[in-house]
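Open the model in your viewer and keep the selection panel at hand. The tour goes from one selection to the next and says what is there.

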Amino acid sequence: FSGCGLGERLTALVLSFRSPEPLDPGCLLERDAERSADRLGCAAVDFPVAVVLPAGGSGERMGLATPKQFCTILNRPLISFTIQAFERLSWIGTVVVVVAKENHDLMLNIVQKCNHTKAKVVHGGTSRHRSIFSGLQAFSSTTDSLTPKPKVVIIHDAVRPFVEEDLLLKITLAAKEQGASGAIRPLVSTVIATTSEGYLDHSLERAKYRASEMPQGFLYDIIFQAYQRCSEFDFEFGTECLHLALQYCGTNAKLIEGPPTLWKVTYKRDLAAAEAIIKETLSMSACIIAGAEAEAVELAKALQKNLNMMETDVIQCAKESNTEYLSKTRNFIHISTTASNFLGTLDMAKRFEDTDHARLYPVVVVWVQLNMTKQSVDSQKTDELTAFRSLASEVIQGNVLLYGIQIDHTKVPEQWERSVERLTQITVALIRDRNAALTGQLLHA
């Protein structure tokens, strides 16, 4: 926005909106509440904490050629979202990512592209437990200053991206006090035992049992010693880290009830559900920028009302306050009364590039042209539409999705209300869907 490049005298309406029952991944956008929680975490965790992410699975149950941890959501691998869930917390140090040897270079490229500064990539083994042990061994060398030995290590799944700081804090503190801790969830289905002939043997009383989930936390010395002592059978067929700590070190884990968002991406439908959660969370806020014209401000307020905002700040656009709004949202609606004013989005895209705001998540910019004449979009100069499409093609390289909507101004109240309602519906759909195929299109409300 350098120098309010989207107009000479702009009014910015910073609008926060939430769906009636928002999904709660709790780890995608850094908000004031999360920053406060992070400060509390720093105060409570005064010892080194690290993470091991086993990511060597083949994704056989997904039924895809690409392992599920490398499947993309919004042009970004799933594992990147999981790494970020830990990297965003200042009290967590190194995140060791354990991958199969053939995926080592791919993982290094992801770390570089997504700027995962805390991540270290190591080779895994032929089973889950072997891979986790490889990750733990990355800390065993005291000569490597990049991976210092932690007091507590958190073990998590690479395909569980929705882990909240509150749970991580509970797991970490319980691990420090008890030696081991783990997240659990109530069983959804009744567990039964069958005979070798395929008949019912007996069923378990569901109320007595819980599903073991991730994350799990351990004193590093305890879990490392457990892996040193465990058998080849454990390495080959075992799946439960808490059991190893109990069996080989006598450490009984503290179990902590986790939220519903702990589910694991296992099947194709889970990948679609994860994408829906991420898109929903990214759609919770927007910044409307209106030109100085009275009609543009009127449309901005009407759009704000239709979006049913829960929180609204109205401010005068100022150079020194632009960065604040960039950090609060990844959705921008620019209302202009001139066809050529969309070129100001170049300033916005440049700021996104300078601040890395669009590196991890696509930023949506909806340019709304308020048509004050009877001239239709079809009669506009072809070169202006071509320039808009060219601009959209340019900024999408920086992960900025540029869309256009034209709305005709009218003084007939009923017609105006219908047009604004249609504008609202299109805008919400573009923001929520984040469809790259629609960038550069000029729709009509």
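What is the order of the seven strands in the open sheet? The order is 6-5-2-7-11-8-12, and the pairing is mixed. Strands pair here if DSSP finds at least two bridges between them; strands (E, at least two residues) and helices (H or I, at least four residues) are DSSP runs, numbered from the N terminus. Strand 6 and strand 12 (254-257) are at the edges with a single partner strand each, so one side of each has no neighbour in the sheet. On average, neighbouring strands of this sheet are turned by 25° against each other, direction ignored.

Before going on, note that this is a predicted model, in which local features need pLDDT of at least 70 and side-chain atom pairs count only at pLDDT 80 or more, while totals for chains, interfaces and linings use all residues. Residues are numbered from 1 along each chain as its sequence is written, and side-chain values use heavy atoms, with hydrogens and water left out.

**Strands 5 and 6**

Select residues 95-99 (strand 5) and 119-123 (strand 6): the two pair in the parallel sense over five bridges. Val 97 has Val 121 of strand 6 as its bridge partner. Helix 3 lies across strand 5 and strand 6 and runs at about 180° to strand 6. Axes are lines fitted to C-alpha atoms, for helices over the stretch in contact, and angles run from 0 to 180 degrees between N-to-C directions.

**Strands 7 and 11**

Next select residues 152-155 (strand 7) and 210-219 (strand 11), which run antiparallel and are joined by four bridges. Opposite Ile 154 you will find Gly 217 in strand 11.

**Aromatic rings**

The whole structure holds eleven aromatic pairs. Rings of Phe, Tyr and Trp (its six-membered ring) pair if their centres lie within 6.5 Å; planes under 30 degrees apart count as stacked, over 60 as edge-to-face and the rest as tilted. Show Phe 133 and Phe 235, a tilted pair at 5.8 Å centre to centre with 35° between the planes. Phe 133 is in helix 4 (residues 128-137) and Phe 235 in helix 7 (residues 232-237), so the pair ties together parts 102 residues apart in sequence.

In helix 4, seven of ten residues are buried.

Phe 233 and Phe 237 form another tilted pair, 5.0 Å centre to centre with 45° between the planes. Both Phe 233 and Phe 237 are exposed.

**Met 372**

Finally, select Met 372, in the loop between strand 16 (363-371) and helix 13 (382-395). Met 372 is partly exposed, with a relative accessible area of 37%. Not counting residues up to four places away in sequence, Met 372 touches Glu 295, Thr 337 and His 409. The C-alpha atoms of Met 372 and His 409 are 5.4 Å apart, though 37 residues separate them along the chain.

Definitions and conventions
Contact = heavy atoms within 4.5 Å. Buried < 20%, exposed > 50% of the residue type's maximum accessible area, 1.4 Å probe, protein only.
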